[in-house]
Amino acid sequence: MTIRNLEGFFSPRSLALIGPSRHGDDVVQKLMQTLASAGSSLPFSLVDLPDLGTIRGAVHTSLADMPAGPDLAILLTPVDDAPALISRLAEKGTRAVLLISPGFETWPEHLLQACREAARTHSLRLIGPGSLGLAVPAMGLNALLSSVPPAPGDIALVSRSGAVLNATLSWAASHKTGFSAVVSLGDRTDVDISDLIDYFAQDYRTRAILLHMEGISHARKFLSAARAAARSKPVIVIRSGRSHDMGGSGRTHAGRLTTLDLSYEAAFRRSGMMRVNDLDEMFEAVETLSRVRVPRLEALTILSNGRSLASLAADRLSGHAGALAHLSAETSAKLVEHQRPQTRAQEPGQPVILREDLSPDDLRSAIGTVLSDPATDGVLVLQAPTAFTDLETIGTAIADAAKADRRRTGRRKVIIAGLVGNDGLARAALDAAHVPCFGSPAEAVRAAMYLTRDALSRDFLMAAPTSLPCDFTPASATARSLVERALSEGRTWLSPEEVASLLEAYQIPVIGTRLCSSPAAAREHSLTVFQSTRRCVVKLISPDLPFKSRIDGVRLDLEDPEAVETAAEELIERTRLRYPSATIAGVSVHPMLEDRNALELFAGLSDSRVFGPLLVFGAGGTAVEDRADISAELPPLDLNLAHGLIRRTEISKLIDGSASRPMLDREAIALTLVKISQMAVDIPEIRELDINPLIVRESGVLALDARVSLARSERTPGRAGGSRLAIAPYPQELEDTLTLKDGSTVFVRPVRPEDEDLFRQFFEAVDPEDLRLRFFAPVKDFSHRFLAQLTQLDYARAMAFAALDKDSGCLLGVVRLHADPDHKTGEYAVMVRSDLKGAGLGWALMKLIIRYAKADGIETVRGEVLKENTSMLAMCKALGFQVTTSHDDPAIADVKLPVTALDDTDGAPD
């Protein structure tokens, strides 16, 4: 369940407090006073509670006395009575129940399950227990046991912690920040954080979403909701509980290096959420992102009336890898009259130091001059009070400049105010103008970096990935067979030779590997190895001792077969003495790589207990865990994500080379990471994987050592099957061939992110009138952002099929279906190339998407069609759609098809 009936909490038509209260009269009185002071006009009832004279409403001695259930019921009753009361409320039509308490409380699991079962049959929703309540200030609803009431505004706050919630509300009250809704989540019996993200993503009153969380239980649901929300509004998240997280598995380096919080970090980044690490950061991010959001902030201009203040800000900006704008000569000339005389000949790319006696009008003029320069994306106005101008006057001038800039045509830019020593009066005008305001240079610079991170995150989400090489076709069947064979034999580790075969199946270059069961066998095999190399390496192989460097299990620089045999014998005997219970499979013999410019990297897979497979990359070698220079990403990866994964490590700086060393093959590393990602998609039984070291050279990569841990994957219902991925991968199993009415065939497959060029060429070949009928308006600009919204799908809740010409690969038509968060209703859209009208492709694509909808559990397919689009309406009627006039626009027809009433064989109504 997701957003169904959540309106019962956030726009209820009636409300009731239901007792008797297990919390005592003080809590009841506080709650009644809070409800009364908010000024709500909702019909209100008391049930089995004393009328303390605070609220005027109906009073009932029991639930049976009520003619109908309230939309929202606040349950104060003894814990054991809750399931029966929830069941009776559900039968009376109640949509939402709040299990409120003045502090966090934990109920027994059997009681929580009884509450869920009582609510489920009528889709009644539950928040709590252990919730401080909720508030919707715009409608005068405050059922929140908080320190201060929230003011109306446009931030939705969802908090797991009562202390974090109260701290946030206190900060908001002092900063004139309001809320569209406030929710104390409590114990997540039913409604969880994913449901609320989905709800507030669609809420027109909400401009930003602020989350405090500790953990989640449904990874794919959470990521789908977060990715959908973050594309349209800022989602700021703070997670507590890192110190309580359990460590990795300990079976591999990947398992030991990846903490649970690292997987949350990867999930937040992948979904476009803005993570902050403490309350100070959270307040700064909210102050900034709830007031302004810009498409880009790469170059900033600092305007300050103090040189030292400007230097502090510039130093902090440089420390955050930010950049100062290089203003044009024309802009610099216009600013001369506003600057201190001794600073007028400054170098480009430096802060602008203004006169202390600058008038408010001149300050407004200076800000406007800077913002009109294409070189800058925004301005940080850093001001201290002077003998000539107080901060209140300065704040008003900055606010006026912001209002004037909003009237300017062209790309929106940002203004951030830094009023050093500010007070409430100084920031009042800035609050009214929605200008972020901070009291120090450091805070103001951090605010700018939040905007930069937010813009880069959205660009990264929308980036069109480079196409993979056409010759990358992994031998997944071969890989699966060797994994299955090992599992059927009861093994949880692959042998070195099997690991090499697995990597080769995914076209990952691996050094020649042979497992030798005895020293004599090692000597014999080395005779072949020495034909192509000067030196050999011998490694001890034991499934019980996976970390060879820790047991001194490697011998290097062996120059002849006798040395190989001696080393193998010594390794085996020494290990048997030190680890008598360990199983020793033998030794592996390898040629020794000699390349002084090569770099040792690490790549692998770990198993996050929340998000499933996690791909890890960083510095490799024997000190991989000591350096811990790693980054992580959730598969599936494309090449953009792989390059981002590489850039987030320190070792990345060495890959690009220097005056003393050559540039290494970054592209080969990225492609290798994508191949490992595909391995995780194809073979969920691979639980952990280490490639250490993965050698990168001037051309190509080479795996010198690897290990793979296995476990059976539990299969779940639905088309995802045994996938453990938190992000739905490309559904290759849905590729198909459609037969048109003239007997010709077209290839259809799900749309991929790299299809942007296909879509651009397709739209260029479509008649402008057909585009208008499809998009309800003329379309002339096929920008990256426009095309990315069509090609970058969350396969967990959306699907689009591309029909392709088998010979040319050109896009002939496309059909899409986007499910609502409840996954009950899907909205369709279809379009075929103009020159193919009448060939039956549109009909075939509609039949395909209807079959898909039914298989995916969607109950209703709906759409909007311009009434003048008579051919589309005729096809909808022929397919069984119900056609009605839209309530919002008489020129639009609403079409709806109950998919559950369709025959499984041909998609026609029964």
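**Close-up views of a predicted model**

**View A. Helix 14 (residues 391-406) lies across strand 16 and strand 17.** Helix 14 runs at about 175 degrees to strand 17; angles go from 0 to 180 degrees between N-to-C directions, with axes fitted to C-alpha atoms, for helices over the stretch in contact (heavy atoms within 4.5 Å). Helices (H or I, at least four residues) and strands (E, at least two) are DSSP runs, numbered from the N terminus. This is a predicted model, in which local features need pLDDT of at least 70 and side-chain atom pairs pLDDT 80 or more, while totals for chains, interfaces and linings use all residues. Residues are numbered from 1 along each chain as its sequence is written, and side-chain values use heavy atoms, without hydrogens and water.

**View B. An open sheet holds 5 strands in the order 15-14-16-17-18, with parallel pairing.** Strand 15 (352-353) and strand 18 (437-438) are at the edges with a single partner strand each, so one side of each has no neighbour in the sheet. Two strands pair if DSSP finds at least two bridges between them; strand 17 (residues 414-419) and strand 18 have 2 bridges, and Ala417 has Cys437 as its bridge partner in strand 18.

**View C. Helix 11 (residues 307-319) lies across strand 14 (300-304), strand 15 and strand 16 (378-383).** Helix 11 runs at about 160 degrees to strand 14.

**View D. Helix 24 (residues 666-682) is mostly covered.** Of its 17 residues, 14 are buried, meaning under 20% relative accessible area (1.4 Å probe, protein chains only).

Definitions and conventions
The expected span of a helix is 1.5 Å times one less than its number of residues. Buried means under 20% relative accessible area, exposed over 50%, partly exposed in between (1.4 Å probe, protein chains only).
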